[in-house]
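Try each task before reading its solution.

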Amino acid sequence: MIDSQQASEALADIDDIARRVRQSRIYNLASLLMILWGALVFAANVAAFALPRYAGYIWIAVNVVGIVGSFVVSAFTHSRTGVRTFDLRTLMAFLLFFAFGLVTCVLAHFGPRELSVFWAIYFMLFYTIAGLWVGFAFVVIGVGISALTLIGYFLAGNWFEPWMAVVNGGGLILGGLWMRRV
Amino acid sequence: MAELDDIIHQPLRLRIMAALNALPSGTGLDFPRLKKLTGATDGNLGAHIETLSKAGYVAVEKAFVGKKPQTTVTATAVGRGAFARHVAMLQEIIAARPSE
C-alpha cells in the first residue's frame, strides 16, 4: 500500500499527462490551420503586391477560402481522431472577432498599409491571448509575428507586401510546422 | 478497502493509461506520440504496452500508413474502468490519510 504523499504524486502525474495530451491535440489541429492560413496569407500578399487594384477582392477571396478550408481541416481531423474541434460556436467566435475588426477598420479609416498591419496584429493578439491558456507556442508565434509586422511597417518601404508575405504567411507556416514538433 | 491495481500502479504504465484515458473513447495514440508524452524509451514503452495489452487494458493496432508501419495504442473499456477505479483508490487514500 502507498501513503497519501505517493497517492498525491500519482494523481499529479495523471493530471500533468492529461494536460499534455489536451495540449498536443490542440497543437495538432492548430498547426494544420496555421499552415493553411499561412499559405493563403502568403499568396494574398504576393497577389496584392502584383495587382494592387484588386487587393480588396483578393483578401475577401482569401478569407472565404480560409474559412471553408478551416472546416475541411476540422472535418479531416474529426474523421481521423473522432474529435470535433471546429463547431458552430467556433465559427460564431470567429465571425464576432472578424466583425469587431471590421468595425474598427471602418471607424479608424485605415490606409491599405495600416489595414494589413492591423489584421495581422489583431489575429496575432488572438493567438497570444489564447496561448496564455493553451500553450506557450502560441505566445511565441503571436508575439514574434506581431513584432516582425511592425518592423516591416516602419522599415520595409515599398517592399511591405513581400515582407508581409514572408513574415506573416511564412511565419504562420513555420510556426505551424514548429508546433507539430513541440 | 480495495487494493490498488498492480498493473496500472507502475509509474510508466500509469502515465500510458493516463494519456490514453485523456482521449475520447475509441481514440488512440501512435507510438512516437505516446513515447514523447510519457518520456519513455522505445524498449521500455513497448514492454509496458505489452503488459497492459495482456491484461486487456489497451488494444494495439499495427498498420501501414503509406510505406511506414504505424502502431496505435487505444485504451479498452476494461482499461478505462480499471484506470477509473485506480484513480478513485488514490483519491480514497488521500482522503483517508491526509499528509501532514
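**Exercise 1.** Find how many residue pairs are in polar contact between chain A and chain B, and what chain A brings to its side.

*Solution.* Start with the count: 4 residue pairs between chain A and chain B are in polar contact, both residues at pLDDT 80 or more (a pair of N or O atoms within 3.5 Å; within protein, one must be able to donate a hydrogen and the other to accept it, and residues adjacent in sequence count only if both atoms are side-chain atoms). Next, look at the elements: α1 (4–50) and α6 (160–181) of chain A each supply at least two residues of the side touching chain B (helices are DSSP runs of H or I, at least four residues, numbered from the N terminus). Of these, α1(A) gives the most, with 14 residues.

This is a predicted model, where local features need pLDDT of at least 70, side-chain atom pairs count only at pLDDT 80 or more, and totals for chains, interfaces and linings use all residues. Residues are numbered from 1 along each chain as its sequence is written, chains are lettered from A and ligands numbered from 1 in the order written, and side-chain values use heavy atoms, without hydrogens and water.

**Exercise 2.** Which residue forms a salt bridge with A:Asp13?

*Solution.* The count between the two chains is 1 salt bridge (a side-chain nitrogen of Lys or Arg within 4 Å of a carboxyl oxygen of Asp or Glu). The partner of A:Asp13 is B:Arg15, with the closest N and O atoms 3.4 Å apart.

**Exercise 3.** Is B:His48 buried or exposed?

*Solution.* First locate B:His48 in helix α4 (residues 42–54) of chain B. Its relative accessibility is 12%, so B:His48 counts as buried (under 20% relative accessible area, exposed being over 50% and partly exposed in between; 1.4 Å probe, protein chains only). Finally, its side chain makes a polar contact with the side chain of B:Arg13 at 2.9 Å.
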